[in-house]
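Please brief me on this structure. Keep it brisk and group the points by topic.

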Amino acid sequence: MKTAYCTFFALGLLAGGARGQAVFTLETEAPSARDAAAQNERLFGRRYAPQYLALGGADPFTDGMAGSAANLMAYGVPRYATVIEYVTPALRGLRASALYSYGETPYSSASNRVYGAALDYADGAVKLSVTQQRKDSVILADTGVAVLDTSARNTLLAANFRAGRATVYAGYGVNKGPGSSPWDPANPYGALALGESSRDSRDALLGLAVPVGRVTLLASLIRKRDLEPAGRDARQLAIGLSAALSRRDVFYASYAKIRNRNGAAYTVGGGDSAINFGLRHGF
């Protein structure tokens, strides 16, 4: 069985003025568990990155919401192409996986390749994930000479567990390398000089989801600590809600505010704060 969802309307209000944005997306997830078993848990093609999936387990705000943890916590791109992945059968709630994505550049088969591995545990009210990911992302000039290195090594511990009716989320990340943190090279704040992302940082996330009838209240706090002398730290506070309108339709709204320090330029919606809301339909 394949799953899919469609977000057919979203509106965002960004710092520095209101701006509407309509979003039309269709997401599918394949192959299913049955398909994977038919291949003895070997998966090929375009696959989700292990850190993307793990971070989703530590973040009460899903993709498309202003409060997404991806504003500060890096996991690379959501999916990689030309992937070979192996996933072990579940054993007492434990499952391991390993992923390799081939580098495909004109001058180097190593450039842009990705290694990833994950260990997941799920047992009733508790879900834990530990992931390690390495990206060899050297951007080459036409001559084959390296002009920009965005390589990264990211380790993430992600968890969520139910405490009564509420769900508590937590995450801790270790990031090393010039491309290990999300960064907007477009200089969104109009600084006199372009900043640089941290090459050595630590992330900490704490979140909460509390259901009240058909409405679920959401909140999270994220701190990014830069271990380099520049100390480009940042914090994000996010609040929001999701409301089940039917079995398939969910209304959502969220607000996020980022506070940067010492020249850091992390963004939410292109600025330091954003509000968005929309309607999500699942098939």
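Leucine 119 is partly exposed, with a relative accessible area of 44%. Here buried means under 20% relative accessible area, exposed means over 50%, and partly exposed is in between (1.4 Å probe, protein chains only). Leucine 119 sits in strand 7, residues 113–123. Helices (H or I, at least four residues) and strands (E, at least two) are DSSP runs, numbered from the N terminus.

This is a predicted model, in which local features need pLDDT of at least 70, side-chain atom pairs count only at pLDDT 80 or more, and totals for chains, interfaces and linings use all residues. Residues are numbered from 1 along each chain as its sequence is written, and side-chain values use heavy atoms, with hydrogens and water left out.

**Surface patch**

- Leu119 belongs to a nonpolar surface patch with Leu94, Val130, Leu157 and Tyr172.
- Together these residues have about 440 Å² of accessible area.
- Patches are made of residues with over 30% relative accessible area and no salt bridge; like charges are joined within 9 Å, and nonpolar side chains (Val, Leu, Ile, Met, Phe, Trp, Tyr) within 5 Å.
- A salt bridge is a side-chain nitrogen of Lys or Arg within 4 Å of a carboxyl oxygen of Asp or Glu.
- Accessible areas come from the Shrake-Rupley method with a 1.4 Å probe; for residues, only the protein chains shown count as cover.

**Whole chain**

- The protein chain has two helices and 17 strands.
- Of its 283 residues, 37% count as buried.
- The chain exposes about 15300 Å², and carbon and sulfur atoms supply 59% of that area.
- Among contacts with a separation of 6 or more, 56% are between residues 24 or more positions apart. Contact means heavy atoms within 4.5 Å.

- Strand 11 (residues 152–163) pairs with strand 12 (residues 166–176) in the antiparallel sense, over 11 bridges. Two strands pair if DSSP finds at least two bridges between them.
- Phenylalanine 161 has valine 168 in strand 12 as its bridge partner.
- The hairpin of strand 11 and strand 12 has two residues between the strands. Glycine 164 takes a positive phi near 70° there.
- Strand 12 also pairs with strand 13 (residues 200–212), antiparallel, over 10 bridges.
- Threonine 167 stands opposite alanine 209 in strand 13.

**Asparagine 160**

- Asparagine 160 lies in strand 11. It is buried, at 13% relative accessible area.
- Leaving aside neighbours within four places in sequence, asparagine 160 is in contact with Gly57, Ala125, Val126, Lys127, Thr167, Val168 and Tyr169.
- Asparagine 160 and glycine 57 are 103 residues apart along the chain, yet their C-alpha atoms are separated by 6.4 Å.

**Aromatic pairs**

- Rings of Phe, Tyr and Trp (its six-membered ring) pair if their centres lie within 6.5 Å; planes under 30 degrees apart count as stacked, over 60 as edge-to-face and the rest as tilted.
- By this rule the count comes to three aromatic pairs.
- One of them is stacked: tyrosine 48 and tyrosine 52, at 5.3 Å centre to centre with 10° between the planes.
- Tyrosine 48 is buried, at 17% relative accessible area. Tyrosine 52 is buried at 16%.
- Phenylalanine 251 and phenylalanine 277 form a tilted pair, at 6.4 Å centre to centre with 40° between the planes.
- Phenylalanine 251 lies in strand 16 (residues 249–260) and phenylalanine 277 in strand 17 (residues 273–282), so this pair ties together parts that are 26 residues apart in sequence.
- Phenylalanine 251 is partly exposed at 30% relative accessibility. Phenylalanine 277 is partly exposed at 26%.

- Strand 14 (residues 215–226) and strand 15 (residues 234–244) pair in the antiparallel sense over 10 bridges.
- Leucine 221 stands opposite leucine 237 in strand 15.
- Strand 15 and strand 16 run antiparallel and are joined by 11 bridges. A hairpin of four residues links strand 15 to strand 16.
- Arginine 235 has arginine 259 in strand 16 as its bridge partner.

**Arginine 232**

- Arginine 232 is in the loop between strand 14 and strand 15. At 15% relative accessibility, arginine 232 counts as buried.
- Arginine 232 and asparagine 260 are 28 residues apart in sequence and 7.3 Å apart in space, C-alpha to C-alpha.
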